[in-house]
Amino acid sequence: MLEPLAHVGRDPATGGYVRDAWSSADLELREWFAGEARRRGLALREDRNGNLWGWWGDPSPRRPGVVTGSHLDSVRQGGAYDGPLGVVSAFAALDLLRARGLTPAVPVGVACFTDEEGARFGVPCMGSRLLTGLLDPERALSLKDDDGDTLADVMTRAGREPHAAGRDDETLAMIGTFVELHVEQGRALVTEGRPVGVAGAIWPHGRWRFDFRGRADHAGTTRLADRDDPMLPFARMVLAARELAARHGVVATVGKVRVSPGNANAIPGLVSAWLDARGADERAVRALVADLTAEAAADVREESWTPVVDFDAALRDRLARTAGGDTPAPILATGAGHDAGILATAGVPSAMVFVRNPTGVSHSPDEYAEQADCEAGVEALANVLEDLCR
Ligand code: HGY
Ligand code: MN
Ligand code: MN
Ligand code: MN
């Protein structure tokens with residue numbers, strides 16, 4: 001199903017995908033989205049936060065529609081399915097509704113949210129956070145990537161008006177219900193023996209930047225007693241994060257480190273490390289971060305936080321019935337964040353359909369979904385949309 005996108009941003013050496021927001025790969029994917037929308041006669045628009053929408057029927061605040069979609073950007077060296085499966089399935093489900101001869105009672109939208117992974121600027125779900133007012137536009141425009149470029153710089157280079165409008169009530173009012181299809185990032189559906197599941201909850205999760213400051217000096221001429229090497233407190237923090245995670249019953253990851261200036265023959269002056277912590281119990285996540293902050297000799301800044309998302313139970317159960325076919329689809333909690341979670345946090349009735357991932361692996365080239373399960377996902381999504389569009 002994802003063949004049309006398979007070459008975009010793919011690293012031939014690893015099979016992984018590098019699709020940073022506003023990169024050439026992202027721009028190519030945005031062009032693909034526009035082409036798919038136009039091919040179907042959908043009204044295409046890019047909102048003032050950089051999200052893309054294709055509408056079947058004219059949405060208006062007085063006539064909100066049913067929207068489905070996801071994102072096209074990736075983590076660095078990510079998999080093929082995380083994001084794109086939801087967008088490709090949205091178009092395919094719309095095709096199925098048309099093939100069934102459905103005339104929806106409300107507009108049907110396909111959405112592509114910008115910068116869901118936060119791989120470049122560090123804040124996940126940038127587009128949906130801006131749309132819902134959960135991210136300040138000034139902060140968004142001032143965020144810098146590893147090259148020191150701001151979002152504004154990068155959007156200008158991409159030929160876009162460097163804007164981030166922030167909360168967009170007019171666009172939000174067009175969304176009566178949002179349903180996101182996503183590859184499962186885990187193995188619950190493998191265990192359940194089902195191709196399709198429904199999201200019950202998203203764990204609270206956040207990202208914190210730890211800056212360990214030391215004194216740059218020569219690697220060969222500086223006595224050990226004279227060193228102020230920030231690598232040491234950094235190393236202690238990583239080990240402490242794992243121990244505290246086990247103790248608090250949460251998960252914690254340090255997946256990104258930047259050593260400055262990064263000479264093999266010099267003691268670094270600064271080590272910046274990003275902590276990602278998540279867990280079903282918000283207090284436990286907060287306790288881990290508090291303990292780590294207290295222990296680490298570092299400047300610590302919270303870069304993003306998403307509270308627990310409990311999807312609307314009535315909508316969740318309705319999806320489980322319509323997506324599940326003969327028996328309701330399993331309802332899963334997930335530790336992965338999604339745009340649907342941000343919209344739900346902002347009060348937009350939202351839900352998610354998961355498609356089985358035999359490896360359970362994600363944010364890696366090993367992420368996978370069988371063709372038959374992808375097709376089952378489209379069928380389930382079409383049934384959900386048909387049910388919601390009556
Ligand atoms: O990081 C996440 O949970 C999501 O995949 N952006
Ligand atoms: Mn992801
Ligand atoms: Mn995703
Ligand atoms: Mn020298």
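## A tour of the ligand and metal sites

Start with ligand 1 and select Gly337: a polar backbone atom of Gly337 lies 2.7 Å from an oxygen atom of ligand 1. This counts as a polar contact (a pair of N or O atoms within 3.5 Å; within protein, one must be able to donate a hydrogen and the other to accept it, and residues adjacent in sequence count only if both atoms are side-chain atoms). The protein covers 94% of the 220 Å² of accessible area that ligand 1 has on its own, by the Shrake-Rupley method with a 1.4 Å probe, where for residues only the protein chains shown count as cover.

The model is predicted: local features need pLDDT of at least 70, side-chain atom pairs count only at pLDDT 80 or more, and totals for chains, interfaces and linings use all residues. Residues are numbered from 1 along each chain as its sequence is written, chains are lettered from A and ligands numbered from 1 in the order in which they are written, and side-chain values use heavy atoms, with hydrogens and water left out.

Next, select the two glutamates beside ligand 1. A side-chain N or O atom of Glu116 is 3.1 Å from a nitrogen atom of ligand 1, and one of Glu117 is 2.9 Å from a nitrogen atom of the ligand.

Move to the manganese ion (ligand 2). Asp82 (OD), Glu117 (OE), Glu117 (OE) and His363 (NE2) coordinate the ion at 2.0 to 2.8 Å. Donors here are N, O and S atoms within 2.8 Å of the metal (3.2 Å for Na, K and Ca); water is not among the atoms, so sites may look incomplete. Along the chain, the donors follow the spacing D-x34-E-x245-H.

Now select the manganese ion (ligand 3), which is coordinated by His71 (NE2), Asp82 (OD) and His182 (NE2) at 2.1 to 2.2 Å. Asp82 coordinates both manganese ions, ligand 3 and ligand 2, which are 3.5 Å apart. Asp82 sits in the loop between β5 and α2 and His182 in strand β7 (residues 175–183), so the pair ties together parts that are 100 residues apart in sequence. Helices (H or I, at least four residues) and strands (E, at least two) are DSSP runs, numbered from the N terminus. Both Asp82 and His182 are buried, meaning under 20% relative accessible area, with exposed over 50% and partly exposed in between (1.4 Å probe, protein chains only).

Last, select Cys374. Its sulfur is 18 Å from the closest cysteine sulfur, in Cys112, too far for a bond. The structure holds zero disulfides, a disulfide being a pair of cysteine sulfur atoms within 2.5 Å.
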